[in-house]
Amino acid sequence: MSAALPPVAAVLDAGARERVAPALSAAVLRDGRLVHASWHGELSGPAPRALRRDDLFDVASLTKVIATATLAAQLVEEGALDLDAPVAARLPGFEAGGKAGVTARHLLAHASGLPRWRPYFERVAADPVAGAAFLPPGRRPPPAALTGPFARGRALVREAVLAEPLEAAPGARAVYCDPGFIALGLLVEALGGAPLAALAERRVFRPLGLGATFFLDGVDPAAAAVRSAGRAFVPTGACPRRGAAALQGEVNDDNAWAMGGAAGHAGVFSTAPEVAALGQAWLDALEGRPSVVPARAAAAFAERDPTPGSERALGWDTPSRGASSLGGRLGRGPRGALGHLGFTGTSLWIDRDARLVCALLTNHVHPSGQSDRPRIRAFRQRFHDAVAEALGIG
């Protein structure tokens with residue numbers, strides 16, 4: 001273990017000891033320099049062992065910023081994506097359900113009026129073809145034989161998202177919304193001319209040298225096999241819908257799994273240092289330094305959205321006015337902070353004034369499959385406060 005910041009390592013050790021999560025890893029960058037990287041706890045399974053630096057976490061909704069929003073920012077800079085044009089103009093069928101006025105800006109800001117969540121996977125699991133992907137592991141066909149079921153599952157989810165009716169007028173409310181980011185992933189694919197996994201690999205992960213960051217897209221099992229070869233995956237929780245006592249090397253999110261494992265809202269696997277490197281790419285862009293993230297688009301995405309009651313930017317969250325997961329000391333400067341959380345127990349925060357990037361990855365949902373939200377929020381606060389203490393911030 002490499003622990004340059006002892007107070008941070010102590011909090012992570014306590015998290016493992018207190019079973020906040022069986023496995024925890026963190027990386028902190030200051031002025032672009034790695035000042036902390038450590039990994040704690042164990043890789044659970046039939047033969048448990050100590051966690052290693054390169055063990056891969058399901059980062060869950062960090063996918064929204066690591067892949068989807070980053071690609072969207074690139075497309076904005078290239079003129080392929082107009083944030084304020086109707087999504088339906090480039091994604092035919094999306095106008096159904098009153099969505100003709102929904103824009104990419106609405107989707108990025110979680111202000112489209114779409115519902116918070118829908119169990120699209122239920123329709124996929126009940127389908128005679130697509131349902132093969134939801135069979136228990138012992139009965140499920142091998143990955144190469146699931147290409148058809150996953151393609152069918154993607155089509156069913158796409159159909160459902162295009163038809164999904166609004167619950168509110170676009171721009172009238174801000175409600176965190178997975179269906180909106182599924183739709184945004186479909187839009188990015190339409191504009192980029194390739195599957196989301198391939199676009200993220202070619203345009204984001206590879207240029208940044210992120211060799212341990214990827215989607216496992218079941219529609220392309222050969223590529224997924226290459227990416228996962230020799231890798232060890234940190235388990236997430238039990239999944240009754242797939243008959244699994246613990247998911248390992250499969251995306252935790254059932255709607256993402258129904259689409260083959262690669263979706264606009266979830267599906268990326270990574271390590272803490274590589275998640276931090278992606279955060280640094282955004283910070284570099286915001287500071288006007290060369291980056292895979294275009295500077296003009298980054299500045300636009302970092303602005304807090306004007307939707308009533310919103311505390312979000314485009315793709316990103318900002319510290320809440322109450323008890324933020326960023327803790328009590330970071331993100332308090334005039335330029336503030338950008339961040340995002342993931343259901344499995346992950347987070348990425350960028351403190352713009354402190355020129356700081358903090359990546360925290362855990363498998364908090366293992367083994368139950370459920371999140372104790374107050375507990376993981378309190379732990380995130382402890383972690384970020386420890387970073388601030390170690391670096392003399394606040």
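**Reading helix α8 and the cysteines**

UniProt lists residues 10–378 as "domain: Beta-lactamase-related", in an unreviewed entry; its positions follow the numbering used here, feature names are shortened, and annotations may be inferred rather than shown by experiment. The model is predicted, so local features need pLDDT of at least 70 and side-chain atom pairs pLDDT 80 or more, while totals for chains, interfaces and linings use all residues. Residues are numbered from 1 along each chain as its sequence is written, and side-chain values use heavy atoms, without hydrogens and water.

Me: What are the helix and strand percentages over residues 10–378?

Reply: Helices (H or I, at least four residues) and strands (E, at least two) are DSSP runs, numbered from the N terminus. Over residues 10–378 the chain is 32% helix and 13% strand.

Me: Which residues of helix α8 are buried?

Reply: An α-helix has 3.6 residues a turn, so residues three or four places apart point the same way. Buried means under 20% relative accessible area, exposed over 50%, partly exposed in between (1.4 Å probe, protein chains only). In α8 (residues 221–228), Ala223, Ala224 and Arg227 are buried. They fall within an arc of 100 degrees seen down the axis of α8, so they line one face of the helix; the arc is that of the directions from the helix axis to the C-beta atoms.

Me: Which exposed residues does the face turned away carry?

Reply: Ala222 and Val226.

Me: How many disulfides are there?

Reply: A disulfide is a covalent bond between the sulfur atoms of two cysteines. With the cut-off of sulfur atoms within 2.5 Å, the count is zero. Cys177 is buried, at 2% relative accessible area, and Cys239 is buried at 2%.
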